[in-house]
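I opened the notebook today to go through a protein model piece by piece. Here is what I looked up, in the order I got to it.

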Amino acid sequence: MPTARRLILGHVMSGVCHKMNRTKRLPADLLETPLNRCLSTLDITLLGVGHMIGAGIYVLTGTVAKEIAGPGIIISFILAGFVSMLAALCYAEFGTRVPKAGSAYIYCYVSVGEFWAFVIGWNILLEHMLGAASVARAWSGYVDSMVGGLVSNVTISITGEMHEQLLAKYPDILAFLVCISYAVALGSGAKATAVLNGLLTVVNLAVMTGVVVLGFWHADIRNWSADEGGFMPYGITGVLAGAATCFYAFVGFDSIATSGEEARSPSTSIPLATIMSLSAVTIVYVLVSAALTLMVPIRSIHPTAAIPEAFGALDLPWAKYAISMGALCGMTTTLLGSLFALPRCMYAMASDGLLFSCFGAVNAKTQVPLLNLAVAGFLSALLALLFDLEKLVEFMSIGTLLAYTIVSASVIILRYRAPMADSGTVFAPDTPEDDHSSQSSIDTASPTSDVIEMALTGRLRPQFRWLEPVLGRCEPGAAASTAVLLFTVFSVAICLQLKVSWTELLHGTWWALCLYGFLIFCLVACVVVIAAHHQNVRHLDFKVPLVPYIPCLSIFCNIELMVHLSLLTWIRFFIWISVGMLVYFLYGIHHSKEAEDCGTSYSMLMTSAEASKGHWGALQTKSSAKSTPAKDDKKPIIEEEEVPE
């Protein structure tokens with residue numbers, strides 16, 4: 001084998017771990033972007049509300065109440081909203097740190113590393129495609145129910161049924177056309193989309209207010225009685241399973257973070273819009289769920305058109321049709337939200353080189369990535385054409401929960417990671433390690449205190465000096481990052497045990513008590529190790545309170561809900577991840593912009609003098625060979641390892 005080929009292969013294989021863990025370096029001007037910064041805080045808030053109050057409230061409510069949780073859906077929405085709020089606080093802090101398109105993908109890239117960022121970005125793409133497809137399918141179903149099944153009957157008479165278990169009963173042509181139509185509408189620009197979304201969201205909220213008022217007016221508490229199965233007919237397991245499914249209703253706040261590159265003032269707008277929209281949507285979901293389950297018994301709930309059919313059963317036909325029109329407005333805003341966020345996530349990944357470069361282009365006139373929008377619209381329409389709503393909704397939650405988990409972990413990692421010092425930065429003299437009493441007298445508003453806090457970030461606090469023999473030799477931030485990883489692993493273990501051996505724990509079986517005691521001790525120890533280190537909270541307009549406790553609670557709750565998803569959902573998830581790994585290892589890892597910036601990319605290797613001698617089947621003209629500077633011949637093919645100072 002030729003020497004150059006052997007060296008290149010050795011470099012590529014030996015550097016894989018480094019490449020997978022490299023983090024994104026942000027530009028000096030974070031607000032610079034080819035996209036149009038035109039969205040106000042109100043625009044972004046309504047975008048989040050519109051994305052969340054759509055098919056979730058009109059379709060998911062009926063399905064979960066009838067088949068999964070019963071009236072306990074109220075608790076399911078409260079749990080899902082609470083866990084979503086924990087993650088939303090982490091998203092809000094990242095929105096002030098990194099005002100860029102890409103949401104959880106870019107946050108993970110900055111803090112954890114390229115590989116996990118790609119995994120999250122790849123799942124966000126699927127999440128928004130499934131979201132758009134499911135809403136288009138629900139939109140079509142609502143229209144079909146309003147016209148007495150005319151749409152489905154005509155479609156089946158033309159195309160016939162699809163006799164395949166994994167596919168829908170019939171190809172939904174109307175849902176396909178709806179997806180394509182709204183994708184075309186989004187091509188007009190971000191501001192026009194925001195105006196349309198705002199109008200439809202206001203109409204939807206007005207309809208929801210009417211639903212709650214009329215629902216409680218016609219409420220019958222006997223629908224929660226034991227004769228109808230009680231408040232939790234499916235038990236606590238059904239409530240938890242319902243909460244896991246109800247996450248579908250809250251994925252919209254992810255689109256708020258995705259709009260960070262088009263917000264006028266992202267450091268203010270993103271946190272405010274995230275918290276306000278999620279709080280409002282949680283309240284609406286709880287009130288509507290209570291009204292629905294009090295109006296009609298769960299056995300009479302229509303799974304796909306629950307709210308209008310409930311009013312139809314109460315002999316209020318005008319309310320049925322008014323709610324159906326509001327439902328179409330709400331589902332339209334959710335569809336717009338998914339199709340708004342999906343092309344921008346593709347743009348963020350392509351701009352970093354992890355997706356094909358053609359997806360990084362932005363139209364000069366509309367300042368929208370039109371190619372991404374066309375591809376996203378077509379793929380979402382294809383999913384809506386072939387799959388029914390239940391399969392689409394179930395598959396969405398897993399990617400969302402994984403993104404929430406890693407974003408929460410990333411907040412902890414960045415808080416305790418020692419900041420990289422610029423070449424021109426001058427640090428104050430080191431503070432003696434054994435003199436901790438002077439730290440409390442530092443003026444926290446002075447420039448010197450900024451430098452000292454940066455120097456202390458990731459190091460042990462004075463009151464935890466007893467951990468010095470165990471953690472004293474760790475690099476700043478390394479112990480906290482390792483503790484986050486171990487906390488996640490132990491959370492998975494205890495959540496799996498809770499699902500498998502909950503009965504043994506309730507009965508006080510000795511081995512269950514010992515096992516849970518050990519796992520809880522490990523969880524607490526990980527949190528203590530993280531909290532034992534100094535944080536860096538300087539220059540943050542919004543900070544997650546009670547770090548590391550709130551992010552750790554978010555991680556645990558997300559994992560607890562993930563383990564309640566079905567096995568088939570996990571199988572589909574791993575298939576999608578496998579396809580993503582092919583894209584990453586065959587394309588993304590070699591074309592990453594971070595690799596080019598570091599001077600270690602595959603393309604740099606192939607332009608060296610050794611690689612241009614005709615090996616690898618490459619063709620090179622004489623002119624191109626002559627144009628290569630002589631100094632490039634001396635560039636090492638294999639990177640030199642850093643020499644510790």
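Is C358 buried, partly exposed or exposed? I found C358 partly exposed, because its relative accessible area is 40%. For the labels, buried means under 20% relative accessible area, exposed over 50%, and partly exposed in between (1.4 Å probe, protein chains only).

Ground rules before I go on. This is a predicted model, where local features need pLDDT of at least 70, side-chain atom pairs count only at pLDDT 80 or more, and totals for chains, interfaces and linings use all residues. Residues are numbered from 1 along each chain as its sequence is written, and side-chain values use heavy atoms, with hydrogens and water left out.

Then I searched the whole structure for disulfides (a pair of cysteine sulfur atoms within 2.5 Å) and got zero.

**Whole protein.** I got 27 helices and zero strands. These are DSSP runs, numbered from the N terminus: H or I with at least four residues for helices, E with at least two for strands. Of the 645 residues, 53% are buried. I also checked contacts (heavy atoms within 4.5 Å): among those with a separation of 6 or more, 84% join residues 24 or more positions apart.

**Helix α20.** This helix covers residues 478-500, so I asked how far its 23 residues reach. From first C-alpha to last I got 33 Å, close to the 33 Å expected at 1.5 Å a residue. That expected span is 1.5 Å times one less than the number of residues. Its buried residues include A479, A483, F487, F490 and I494.

**A374.** I found A374 in helix α16 (residues 370-386). It is partly exposed because its relative accessibility is 48%. A374 and G187 are 187 residues apart in sequence, yet their C-alphas are 8.8 Å apart in space.

**E594.** This one sits in helix α25 (residues 593-598).

**L567.** Last stop: L567 lies in helix α24 (residues 567-591). At 66% relative accessibility, L567 counts as exposed.
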